[in-house]
Amino acid sequence: MTPLFLGAGIYRGSSYGAGHPLAIPRVSTVIDLVRALGWLPASQYRASPRAKPAALTIWHDPDYLAALERAEARQHVTEAERDRFGLGTPANPVFPEMFRRPATGAGGSLLAGELLRSGGVIHHPAGGTHHGLRARANGFCYLNDPVLAILSLRRAGVSRIAYVDIDAHHPDGVETAFRDDPDILMISVHEERRWPFTGALPEVGAGNLFNLPVPRGLNDTEMAAIRDRLILPRVAAHAPGAIVLQCGADAVAEDPLSRLSLSNNALWEVVAALRPLSPRYLVLGGGGYNPWSVARAWAGVWAVLNDFDIPAILPEPGRQVLRALSWPGRQAGRQPPAHWSDTLRDAPRPGPLRPELADRLRRLEQRRPPA
Ligand SMILES: [Zn+2]
């Protein structure tokens, strides 16, 4: 089945504001890049509809949604609204599209659940806002589109779902929604001792919750072990009707917000390995705060889903898209290394499988499945 790409125009030119890590373009660059490479015919592109508040109440609190819409209309929040709903904070600022933009990402995830009813593969790189809470903005996320995608799949008749999250941060919002639901397998790989400081290894939820905090400097060899010893066996054993992969790009080495050291190959190998394990596959975006790393990682995800060959050196139109990027206020943005513009694929970043990580993997391997 031919994969579909979900995008929208609103990601181009809307910004969380100067100085915010999400001031950078991400989805618009991915779209430009895959188009420049001839990888996105019109037949594979769908525009995300903007979800209406009523559709979002499938999980989100109506009072919160009203506050979010009101904040966008007024471009202001009261102190009481800020305290109660987490709006108008440095992480979740007031900005012109603060309802419409996340509602478009959420609309894409709701649509994905419907489109996958009879099977298929969808890449929705604007999705993956995994910190959003039912009644509160959190960690750059205003809504929680992964939760909405899972509920939409449910509504389409898919009961057993695997949610896999390889973002550098723990998906606290998604976990609050499904931790007590044995039909949702939840696996998260995230950097230890990093915000939001949830996702401890011993937690089991209803028996299908697997949290793997990983040490700084996680390398490709370690990620391959995690893939082969935790992610793939647990997903296969769950026999999911659908897989939702949150494929944040912030575990890649050059990300400014975390300290993991993967190459983008490690992400792509997870994307490829999960695909045969379910008839329905939704790959979301997530974190990722280096504009070059994000664009290259997610364009490569699209290539993997389509079995496209990734050229060693990008053709000129692709290079132009990457050369046009800038990263205001960041030293690394002044003279970006040539491979950030000339290639999609990073050099591999292998390394030792450190004993503390091997021990944690063993502990998760030994955990019995729920009765
Ligand atoms: Zn993240």
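Me: Two strands pair if DSSP finds at least two bridges between them. So in which sense do β4 and β5 pair?

Reply: Heads up: this is a predicted model, in which local features need pLDDT of at least 70, side-chain atom pairs count only at pLDDT 80 or more, and totals for chains, interfaces and linings use all residues. Residues are numbered from 1 along each chain as its sequence is written. Helices (H or I, at least four residues) and strands (E, at least two) are DSSP runs, numbered from the N terminus. There are 5 bridges between β4 and β5 (residues 184–191), and the sense of the pairing is parallel.

Me: What radius of gyration does the protein chain have?

Reply: The radius of gyration is taken over C-alpha atoms, and the globule rule is 2.2 Å times the number of residues to the power 0.38. For 371 residues, a compact globule would come out near 21 Å. The chain agrees with that, at 19 Å.

Me: What share of the 371 residues is buried?

Reply: A residue is buried if 20 or more other C-beta atoms lie within 10 Å of its own, exposed if 12 or fewer, and partly exposed in between, with C-beta atoms placed from the backbone. Buried residues in this chain come to 51%.

Me: Back to β4. Why is β4 largely enclosed by the rest of the structure?

Reply: Look at both of its faces: Ile 161, Tyr 163 and Asp 165 sit on one side, Ala 162 and Val 164 on the other, and all of them are buried. In a regular strand the side chains alternate between the two faces of the sheet. So β4 (residues 161–165) is largely enclosed because its buried residues number 5 of 5.

Me: Which way do the residues of β7 point?

Reply: β7 is mostly covered, as 5 of its 5 residues are buried. Ala 242, Val 244 and Gln 246 point one way; pointing the other way are Ile 243 and Leu 245.

Me: What hand does the β-α-β crossover from β7 to β8 have?

Reply: A crossover is right-handed if, with the strands pointing away from the viewer, the path from the first strand over the helix to the second runs clockwise. β7 and β8 pair in the parallel sense over 4 bridges. The chain gets from β7 to β8 through helix α9 (residues 264–274), and this crossover is right-handed.

Me: What do the buried residues of α6 pack against?

Reply: α6 (residues 145–155) has 8 of its 11 residues buried, including Val 147, Leu 148 and Ile 150. Two residues are in contact if their C-beta atoms, placed from the backbone, lie within 7 Å. The packing partners are α5 (100–115), β4, α7, β5, β7 and β8.

Me: Is Ala 8 buried or exposed?

Reply: Ala 8 is in the loop between β1 (4–7) and α1 (27–36). Leaving aside neighbours within four places in sequence, its contacts are Ala 47, Ser 48, Thr 104 and Ala 126. With 21 other C-beta atoms within 10 Å, Ala 8 is buried.

Me: Which residues does the UniProt annotation "domain: Histone deacetylase" cover?

Reply: UniProt positions are given in the numbering used here, feature names are shortened, and annotations may be inferred rather than shown by experiment. According to the unreviewed UniProt entry, the annotation covers residues 20–305.
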